[in-house]
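Thanks for coming. I have one structure to go through today, and I will keep it short.

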Amino acid sequence: MEFDFLAYCIFFGAAFLGGFVDAIAGGGGLITLPAIMAMGVPPHMALATNKLQGTFGCFTATLNFTRKGMINYKEAFLGIIFTFIGAATGATLILFLNPKFLQIMIPFLLIAIFIYTIFMPKIGESDKASRMNYKVFYVAFGLILGFYDGFFGPGSGSFWTFAMVALIGLNMKKAVAHTKLLNFISNIVSLGVFIISGNMLWVIGILMGVGQIFGAFIGSNLVIKKEVKFIKTMFLIVVGATILKLFYSYFLE
C-alpha cells in the first residue's frame, strides 16, 4: 500500500499519543488501531501492524520502569512464563475461533472495575498486604490474561493493573510498571503469530514504532514522577473509553 506524507504524519502522531497513554494507563490501541484503519488499511493488516508498533511502546516503557527499579523480576518471573503460555494459546486459537462472544462479557467486567475504583478512593495509593500468594496469582492470571490478550486484547492492561492492586497489594505505580512487562510478553507472542500470517505493513509498523518509543518514554516518566491520583485518573479515563469502544463495536457497527 502507498501513502502520502500527511498519512505518514498521522501514523506517527497517533503512535506517539498511543504510546504516551498506554505507558500511563494502558489502552493505547484505542488510538492507534482506529488511526491505522482510517487510512484505509484492511482490518487483518491493521491488527498485525498495530501489534508491531505497540510492541515498541511496551518494550520502551518496560525498559524505563526497569531502569528505575519499579519491576520486581523475581516475583514476576512466573507471570512472564505463564503469560507467554497463555498468550501463545490465545493467539493460536484466534486463527480458528471468532472472539465476538467476548465483546458481550468484557465491557461489564470493565464497568465493575471502573465503579470499584471510583468508590474506593484510596485504592492503589500505597502497597497493601497481599490477599493472594503472588506465585499463585502470577500462574493463574498469567494464563488467563495472557490468553485473553493473545485471543482478544482490549482492556487487558486494565485487568492486570486492577488485579495487582486488588489481589497482591501493589500500589498503582508498581502495578502499571508490572503490567507493561506482562503486556510486552503477550504482545511479542501475538506479534509472532501475525508475522507468520504474513499480514504486516512493515514500513508503517516501524515508523509508528518510533512514535511509540518517544510517547512511551515520556508517559512512563510521568508515571515515575506523578502522584498516584494522576495515574488513577488516567486509568479511569482509559477504562471508560475502552467500555464505550467495546459497546460501540458490538451494538452499533
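Predicted model: local features only at pLDDT ≥ 70, side-chain atom pairs only at ≥ 80, totals over all residues.

First, the overall picture. The secondary structure comes to 10 helices and 0 strands, so in sequence order the pattern is simply α-α-α-α-α-α-α-α-α-α. How does the radius of gyration fit with a compact globule, and what would be the value for 253 residues? The rule gives a radius near 18 Å for a compact globule with that number of residues, and the chain has 17 Å, so the two agree. Along the principal axes, the C-alpha trace spans about 55 × 40 × 35 Å. As for burial, 51% of the 253 residues in the chain are buried.

Next, the helix pair. These are H1, residues 5-25, and H9, residues 202-225. Their axes are 6 Å apart, and the packing angle is about 35°. The crossing of H1 past H9 is right-handed.

Now the second largest pocket. Its volume is about 240 Å³. It is lined by 12 residues, and those closest to the pocket centre are Leu109, Phe141, Ile144, Leu145 and Phe159. Which helices supply at least two residues each to this lining? They are H5, at 102-119, H6, at 134-151, and H7, at 156-167. H6 gives the largest share, with 5 residues. By class, the lining of this pocket has 12 nonpolar residues, no polar and no charged.

Last, the cavities. How many cavities of 30 Å³ or more turn up in a search of the whole structure? The search finds 1. The largest cavity holds about 30 Å³ of space. Its lining consists of Thr117, Ile123, Phe162, Val165, Met172 and Phe235. Sorted by class, that lining has 5 nonpolar residues and 1 polar, with no charged residue.

Note on methods. Residues numbered from 1 in each chain as written. Heavy atoms only, no water. Axes fitted to C-alpha atoms, helices over the stretch in contact; angles between N-to-C directions. Helix = DSSP H or I, 4+ residues; strand = E, 2+ residues; numbered from the N terminus. Left-handed = near helix turned anticlockwise from the far one by under 90°. 1 Å grid on protein atoms, 1.4 Å probe; cavity = no way out; pocket = protein on both sides within 12 Å on 5 of 7 lines; lining within 4 Å. Points joined across faces, edges and corners; volume = space filled by probe spheres on them. Nonpolar A, V, L, I, M, F, W, Y, C, P; charged D, E, K, R; others polar. Rg over C-alpha atoms; globule rule 2.2 N^0.38 Å. Buried < 20%, exposed > 50% of the residue type's maximum accessible area, 1.4 Å probe, protein only.
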